[in-house]
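Colleague: Could you walk me through this model, one piece at a time? I'd like to start at one helix and then move on to the strands.

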Amino acid sequence: HRSMEEGDVLFVSTFEPKNDVCDNCEFDVYLDKPVYAPGDEMVANIRLQVNTTMVNVRAISCQFFGAEMLQRTGGYLSRNIVVNQTEYVVGSEETVENKSGPNVADPTHILEAGPHSWDLCVAIPDKLPPTFRTDSARIEYYFSVTIIRKLEANVEKKLLVPIASDFSEDCDRAEIIEESTTDVVPVTGIFSRFFSSPENKITISCDAAQFQYCPFGMERPCISAHLSVVSTYSEVIQELNCMLTRKTILHHKDQDVNETAVVCQSVLPLIPPLEPNVTQEYYVQIPVTARGRFVNPSRFSARCVFNEYFMEIGVRGVAIRFCVCISTYNPNPPLVAIPEMIKPLENNKAEARNEEIRKEQEAKEQEEKERKEKERETKRQEIKEWDVDAVLEWLEQNQLSKFADSFTEQSIDGPALLGLEEKYFASLGVSKIGDKIKLENALKSIQ
């Protein structure tokens, strides 16, 4: 850990959830989403159940705060405060700053016994760096509500606010990584130099999306990749090894510090196994976390932290390595239904908010259902016009071109393809499990 410098301020426990207990009231804060993105509007519902009338409330303040922090001796040091917004639902900043004294007006607000509720909309600034959490660096945000009382301790409720940002507009999100390598299978052991053979080679070709999405907080997220593997090795190969590495650059005042950490190592079975002298294709889902939820994205704009991920895929010691960009952004985050209060008030909008959320969700589901049905029907009408040659092109697109002769012999055109069922597979020469799975998946996408 680097030492502190003059003027530095430590945040040891600032970014921890907090829920003060008050003898005279019950205090809750609800946010409308579990995760936010830059440019979103955060809706907070503040609930206060007063047991006996409170006459000493000077103000109720709401703060949205965020900072980039690097590890120092004693805690995390704020290197860059990225947002600090304060609003008041009761009282004002002038009220809080008033000094007490016999000749100074010290106004307080009376909160009658019973339930009280306030709704507050907070505009989240554009271009905020996303939430990031490692042992050496953190980018964190919180929303806190504080009841400021005269002659008594303040009561505070603090919630962590996850921020997930999308890739920048100049990124080509359709970009595909294409990597390939050929190497001799390494032989380990004391006699390795006597038994290694230059003829035992493995060739790995990989294509994967450069920009991948793993929404914030997702459990066991994966990234997709397509592999083509050919082996001249004498043994059948049953598995491949994957390793995701994170490289982080921390921008301190005096120098940059590079850190590298293995995020996840996994072993994936090869189905079907890789036979000698056979080219086999695999579509794999590679885990990016060994346990827990995914939090830390890459390729985001921040003053103090730069983060990249590198994926390594290996078969029997022959490996390819490439950089992959991961975002925690979710374009359709789930909404949070705010519970109703025990006693409704005129200014309580929880019930209306819940009904609005339900209707929005139903409308989205219906719209998505209609869109998919329309796309499916349009595709089916196009396929009905296909001749046998068009079906052969479809087979090639789905890596099933070896059955072209049997499809031609059986006169499988577009309408016949739409009615094709598993019971006809044997007549077309489709007998292997892998080929059946490929054909079934391809038919599901069009039928």
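Colleague: Which exposed residues sit on the face of H7 turned away from its buried side?
Modeller: That face carries the exposed residues Ile-433 and Lys-444, where exposed means over 50% relative accessible area, buried means under 20%, and partly exposed lies in between, with a 1.4 Å probe and protein chains only. Please keep in mind that this is a predicted model, in which local features need pLDDT of at least 70, side-chain atom pairs count only at pLDDT 80 or more, and totals for chains, interfaces and linings use all residues. Residues are numbered from 1 along each chain as its sequence is written, and side-chain values use heavy atoms, with hydrogens and water left out.

Colleague: And which residues in H7 are buried?
Modeller: In H7, the buried residues are Asp-435, Leu-439, Ala-442 and Leu-443. Seen down the axis of H7, these buried residues fall within an arc of 100°, so they line one face of the helix; the arc is that of the directions from the helix axis to the C-beta atoms.

Colleague: Why would residues three or four places apart point the same way?
Modeller: An α-helix has 3.6 residues a turn, so residues at that spacing point the same way.

Colleague: What covers the buried residues of H7?
Modeller: The cover includes helix H4 (388–397), helix H5 (404–409) and helix H6 (414–418), where contact means heavy atoms within 4.5 Å.

Colleague: How far does H7 reach from its first C-alpha to its last?
Modeller: Helix H7 spans residues 433–444, which is 12 residues, and reaches 16 Å, close to the 16 Å expected at 1.5 Å a residue. The expected span is 1.5 Å times one less than the number of residues.

Colleague: Changing topic, how many helices and strands are there in the protein chain?
Modeller: The protein chain has seven helices and 20 strands, which are DSSP runs numbered from the N terminus, with helices (H or I) of at least four residues and strands (E) of at least two. Of the 447 residues in the chain, 42% are buried.

Colleague: Which strands does E4 pair with, then?
Modeller: Strand E3 (residues 25–31) runs antiparallel to E4 and is joined to it by seven bridges, while E4 and strand E8 (residues 114–123) pair in the antiparallel sense over 10 bridges; two strands pair if DSSP finds at least two bridges between them. Strand E4 itself (residues 41–50) is mostly covered, with eight of its 10 residues buried.

Colleague: Is Arg-47 buried or exposed?
Modeller: Arg-47, which lies in strand E4, is buried, with a relative accessible area of 7%. Arg-47 stands opposite Ser-117 in E8, and its C-alpha atom is separated by 9.1 Å from that of Asp-119, 72 residues apart along the chain.

Colleague: What is the order of the open sheet of four strands?
Modeller: The order is E12-E13-E15-E18, with antiparallel pairing. Strand E12 (176–184) and strand E18 (279–287) are the edge strands, each pairing on one side only. Within the sheet, strand E13 (residues 201–209) and strand E15 (residues 222–231) pair over six bridges, and Thr-203 has Val-230 in E15 as its bridge partner.

Colleague: Which residues does Ser-180 touch?
Modeller: Ser-180, found in strand E12, touches Thr-203, Ile-204, Ser-205 and Ile-320, not counting residues up to four places away in sequence. Ser-180 and Ser-205 are 25 residues apart in sequence, yet they are 4.2 Å apart in space, C-alpha to C-alpha.
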